[in-house]
Amino acid sequence: MENTRVPVALGERSYDVVIGERLMDALIASARVLKPTSIFLVTDSNVGLLHADFVRNAIVANHVFTVPAGENSKSLRVLEGLFDDVFATRKLDRQSLVVALGGGVVGDLAGFLAATLLRGVRCIHVPTSLLAMVDSSVGGKTAINHQTGKNLIGAFHQPVGVFCDLHFLETLPAREYVSAIAEIVKTAAIGDADLLAYLETNTDALLRRNPDVLRHVLARCISFKASVVAEDEMESGRRATLNLGHTLAHVIEAALPEEFLHGEAVAIGLVAALRLSVAHAGLDAVQARRVGDLLARFGLPVEVPAGLTTDRLLEIMASDKKRAGDVIRFIVTPEIGRASVLPCGLDGNLAASLLGRT
Ligand SMILES: NC(=O)c1ccc[n+]([C@@H]2O[C@H](COP(=O)([O-])OP(=O)(O)OC[C@H]3O[C@@H](n4cnc5c(N)ncnc54)[C@H](O)[C@@H]3O)[C@@H](O)[C@H]2O)c1
């Protein structure tokens with residue numbers, strides 16, 4: 001079957017996201033056109049063991065740098081180690097290419113490396129997790145974490161190409177795979193009512209990682225994100241609507257670290273955001289229930305964990321980047337397929353609504 005190409009239209013920084021199976025030929029062709037003087041492949045310890053040799057041989061990468069798998073690698077310490085390794089090769093120049101092979105952690109880290117090396121060298125993303133394919137590899141956000149919070153040090157740096165090769169998903173652990181489906185359902189809720197219906201019909205096939213279904217879902221999600229990024233690359237407006245469900249998700253991740261994967265926290269956050277949308281943005285309660293039911297059918301959590309108290313919720317939200325004074329800007333969906341911003345007072349009413357404990 002032909003590969004699917006989704007363009008991200010950003011003027012002279014435009015690029016394609018290629019979706020297909022066994023994409024190495026397309027990747028090799030792209031690397032040839034770019035004529036890099038050196039290629040630095042960055043991966044993590046899990047993906048590296050499984051897939052790095054294959055990719056390295058295909059693109060003839062000069063150097064492979066492997067970071068420990070996991071969120072902790074999005075750190076200044078690991079980044080500094082990568083700078084040391086890259087400079088030690090003496091092969092870096094403005095025509096070098098960084099290839100990020102891995103999930104969102106590797107994409108964010110290697111993307112930031114590429115953004116900062118010599119004030120910016122080119123980067124190709126080869127996402128291997130479902131989350132990285134549907135979300136993090138597209139749009140140019142790169143970042144590492146600081147002990148104060150996640151993603152606080154970063155840059156916008158668009159890749160020159162993204163290659164979503166479905167065969168990598170065969171080795172992705174089930175919990176990681178399912179967790180990313182929350183971001184897919186989010187896309188449907190804010191921008192693609194047809195996708196929601198498609199997911200309802202194809203739940204089992206998506207869970208079985210059916211390649212045709214995955215291709216369709218990836219193309220829809222990436223096309224939607226590409227259109228949002230093309231309109232608002234730096235997140236001064238519409239791009240913020242991609243954060244539906246994420247405010248509560250961040251609270252859950254901060255309050256109960258280790259308990260939930262990001263996508264699982266997003267699933268709970270989505271249901272809470274839809275509760276808010278029913279109460280304050282006119283969303284039909286039946287439609288909100290549809291989304292909650294779908295998330296549950298995928299095996300995702302939908303209830304706010306009992307351990308999260310109102311006080312803790314308000315305390316964590318008080319330090320949210322999206323807060324201005326006592327008001328926080330929530331993303332809501334007035335109807336499936338549309339999103340808007342709802343300024344909310346940071347108080348007990350909001351907490352009760354979010355927690356679903358009214
Ligand atoms: N830049 C953005 O726009 C953006 C958007 C959303 C999320 N993110 C970031 O993405 C990160 C989460 O991404 P993630 O969920 O991919 O996490 P991850 O990169 O940690 O990958 C999850 C786990 O799956 C493993 N893995 C990945 N692909 C595999 C494969 N094919 N086979 C076997 N194991 C595989 C990884 O080693 C890791 O253990 C977070 O740091 C988040 O902040 C960034």
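Q: Which residue of β8 is the bridge partner of threonine 142?
A: Strands of a sheet pair through backbone hydrogen bonds, either parallel or antiparallel. Here alanine 155 in β8 is the bridge partner of threonine 142. Strand β7 (residues 141–146) pairs with β8 in the antiparallel sense over 5 bridges (two strands pair if DSSP finds at least two bridges between them), and a hairpin of 2 residues joins β7 to β8. The model is predicted, with local features needing pLDDT of at least 70 and side-chain atom pairs counting only at pLDDT 80 or more, while totals for chains, interfaces and linings use all residues. Residues are numbered from 1 along each chain as its sequence is written.

Q: In which order do β10, β11 and β12 form their open sheet?
A: The 3 strands lie in the order β10-β11-β12 with antiparallel pairing, and β10 (323–324) and β12 (340–345) are the edge strands, each pairing on one side only. Strand β11 (residues 327–332) is joined to β12 by 6 bridges, and isoleucine 328 has cysteine 344 in β12 as its bridge partner.

Q: What span should the 21 residues of helix α9 have?
A: The expected span is 1.5 Å times one less than the number of residues. For α9 (residues 211–231) this gives 30 Å, which agrees with the end C-alpha atoms being 30 Å apart. Helices are DSSP runs of H or I with at least four residues, and strands are runs of E with at least two, numbered from the N terminus.

Q: Which elements each supply at least two residues of the shell around the ligand?
A: They are α2 (45–59), α4 (104–116), α5 (130–136) and β8 (149–156).
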